[in-house]
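Here is a briefing on charged side-chain pairs and on one set of paired strands. Keep the structure open as you read.

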Amino acid sequence: MKKIYCLLASLLIIGASWAQKSPEEFLGYKLGDRFTPHHKVVAYFEHLAETLPHVQLEFYGETYEHRPLFIAIVSSPENMQNLENIRLDNLRRTGMEEGSPATKVAINWMQYNVHGNEAVATEAAIMTFWEMANPNNAQAKDWLANQILIVDPCANPDGKDRYTMWYNQKQNNRLQPDPQSVEHLEPWPGGRPNHYLLDLNRDWAWQTQKESQQRIELYHKWMPHLFVDYHEQGINDPFYFAPAAKPLHELISPFQYEFQEIYGKNTAAKFDEQGWFYFTKERFDLLYPAYGDTWPTYNGAIGMTIEKGGSGRAGLGMLNAMGDTVTLRERIEHQHVAGISAVEVTAKNAERLADEFSNYFKNNMTNPSAKYKSFVIKGDEHPERVKALLNLLDKNKIQYGMAGNKSGLRGLDYETGKTSSFSTSDKDIIINAYQPKSVLTEILFEPEAKLQDSITYDITSWALPYAYGVKAYALETRLDPAKSFEAKEFEKNETPEKALAYLAPWNAMVHAKFLSALLNEGIRPRFAEFPFEVNGNAFEAGSLIIHRNGNQYVTDFDQKVTDIANKFEIKITASNSAYVDKGKDFGSPDVRPIKAPKVALIGGSGVSSLNFGEIWYFFEQELDYPVSILEAENLGRFDLGKYDVILLPSSWGSSLGGGAKSKVLDWVKSGGKLIAFENAINTFADEEGFDLRRYDTEEEKKAAEKVSQEIQSSERLAPYQERERLYISNTAAGAIYEVKIDGTHPLGFGMGGKFYTLKNNGSRYSYLNDGVNVGTIPSNDAYRFGYIGHKIKPKMAETMVYGLENQGRGQIIYMVDNPMFRSFWESGKLLVANAVFFVGQ
């Protein structure tokens, strides 16, 4: 009987191999003939998993548009049977699981199509995975004997299908490589970002998007040794692969860079054999921690970016600058060869990869090499902000604990940028580098990355205490927690018997969520324009007063207010009198009613899709507050009178073209509130009738123009190859400045008198003369960390960063810097909420 079962099993395996199909057989066309929609990608990988016993799929989540996210795993039959032990053994190498590993199988993760319109990647993923899974491929069997290959064929299905569906509609039946043809001119917003138009390749550390959250939860189950991220670049740039360019973060280990060299030379040999162009060690650095190469690198892997020339413009084929047609089939083949190279070098170095991975975690846990070894977060100031920060640490598996009562400590005070003495209490949080996530911890908290080169691909500073607006210190010595962290259980508000009013604080993003929920329930709160005290409890300006008067029509008013407060874990104070001990009584004209604003967001051609996405996501997924989306090109025919607030994201040039600008200004003067971000404010700068100016006086303008002419004159004679460096001397790349906030103005409520802005451009604007300068950089002492060009840095003193001016019965609010950059700059979100809900009420 046993022999019969074995025979049946053998027949099933043989039958499975007979049933399995190549991509062309399954899809009905050759890879490169067209772009494959995501549902067909899923179907093909499911087919392989159903017909090949050494292939396994794991669905790890879904997108905002409900497309599935999954990985495909392939290895030798022996490894697949021992897959769970191999996985756990690898976690033991990191210290995230207890015990000693007994296996040495390398884990190679290859991710494709995180940018949706770089759609060649998914086609290459299909080709490469099929080659590795094909039971007739003897070479693949050999390479998979000592490695687990994980392939995520499409990390951004929503963006990919947005591009694919558009392209399939616009493509010509006969290949048309003319760059001016419509199929090569992708419309706004393009397929690059996800549903909310956020760039998933800049979200790894912050995990604001559900795709990132779900992927990284799965990543932590595997902790791969190699992570290869496939992209496309401009069509005239042939192919990029590792080694990476400088700056390289100083905490990248010698082996991590050595392996990049090993991979690069192996791939170069394959490309040389075919006579293909490529470049290495240029443009794509390893610094900013939220990329698909850097975040894995800071988690012990060898993270690498692959970039093939083409991108969304190339489509099925497009002419490059040389007049050659770059085809989809060619792009697939090049990425496929780069993928095969990654599998090959992993197989040749599998044992060393496992050993070096173990050494990476052992060395960093016991002897971290960064300057700062420990970080203290003061827990008694803004606990809601601290809670939000701890949530991010949890997502990144960074360990922390509770401090005890200690004095005589010294560390860098993030607020001042200087070393000072401090003490800790049992409310404070300690995070140190003596843990599995040692390197990632040091990098996310480092005040400033050390740059080998000032020309960087992205921002240069991102320290979490600034991003979350918390009081913190960085120590150069080891400081261990006194005990494990224990989250204090929220003591729920009990529903009192018909209190006259309920009072709530206003100093963190969670309070804005609370306000939004109240408004969505039809409850009409008020806010205090001045601080006040009731029964010994102090409340700052901006605090919410939810009075029974005006809410008589709300069914179960007390229960609803209490339930919403409990949902967001906000302690509310009940009051049975409108009379206050200090400050303004609840019936004062300075206690303003909050009318639920009707909000619109401008998108469309000319608008930065990324900034648009940040604002859209803020309203939909964080505030959960309704927002209408108006395309800029159609503003002329819309009734703007339906809206109280319009948000104008950063734009390239002016997104208010034609008669749209005058129509929007008429709306403002009739009582509307326009909030303009970054470059969008240039629509009003130095224009007659507006208070926004780049220079205080005509003399200052002439002096600046003279200096500019002198600089331009000298730069004209500068060597051509130095011009990029001359350009960056006039801009900023994530420089952190302390902005002085006027806490007496509604735009500044709850900010604590200061805000740390992330400056990503060299724009400067003078103090408003007739408007209100709510956020300013009063002096050059306000600079903290991050790169800013030496020519623009002295000019940042005495400039306006956040302000507003009246226009008729309405207001224009100027946001010179993006206060919620990439949705991770948490502390600035309250500033936007102030602008939407408080200003002008």
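The points below cover salt bridges, then strand pairing.

This is a predicted model. The salt-bridge count comes to 39.

- Glutamate 84 and arginine 87 form a salt bridge through their side chains, with an N to O distance of 2.7 Å.
- Both residues sit in helix α5, which spans residues 83–94. They are 3 residues apart, or about one turn of the helix.
- Glutamate 84 is partly exposed, at 44% relative accessible area.
- Arginine 87 is buried, because its relative accessibility of 11% falls under the 20% cut-off.

**A pair with a partly exposed lysine**
- Lysine 584 and aspartate 590 meet side chain to side chain in a salt bridge, at 3.4 Å from N to O.
- Lysine 584 has a relative accessibility of 34%. That value lies between the 20% and 50% cut-offs, so lysine 584 counts as partly exposed.

**A pair between two helices**
- The side chains of glutamate 622 and lysine 829 form a salt bridge with an N to O distance of 2.6 Å.
- Glutamate 622 belongs to helix α20 (residues 609–623), and lysine 829 belongs to helix α24 (residues 829–837). The pair therefore ties together parts that lie 207 residues apart in sequence.
- Both partners are buried: glutamate 622 has a relative accessible area of 12%, and lysine 829 has a relative accessibility of 1%.

**A salt-bridge network**
- Glu118, Arg192, Asp199, Arg202, Asp458 and Arg822 belong to one network, joined by salt bridges that share partners.

- Strand β23 covers residues 544–547. Leu544 and Ile546 point one way from the strand, while Ile545 and His547 point the other way.
- Which of these four are buried or exposed? All of them are buried.
- Strand β19 (residues 501–504) pairs with β23 in the antiparallel sense, over 4 bridges. Tyrosine 502 has isoleucine 546 of β23 as its bridge partner.
- Strand β20 (residues 526–528) also runs antiparallel to β23, and 2 bridges join them. Here phenylalanine 527 has leucine 544 of β23 as its bridge partner.

Terms used: Residues are numbered from 1 along each chain as its sequence is written. This is a predicted model: local features need pLDDT of at least 70, side-chain atom pairs count only at pLDDT 80 or more; totals for chains, interfaces and linings use all residues. Side-chain values use heavy atoms; hydrogens and water are left out. A salt bridge is a side-chain nitrogen of Lys or Arg within 4 Å of a carboxyl oxygen of Asp or Glu. Buried means under 20% relative accessible area, exposed over 50%, partly exposed in between (1.4 Å probe, protein chains only). Two strands pair if DSSP finds at least two bridges between them.
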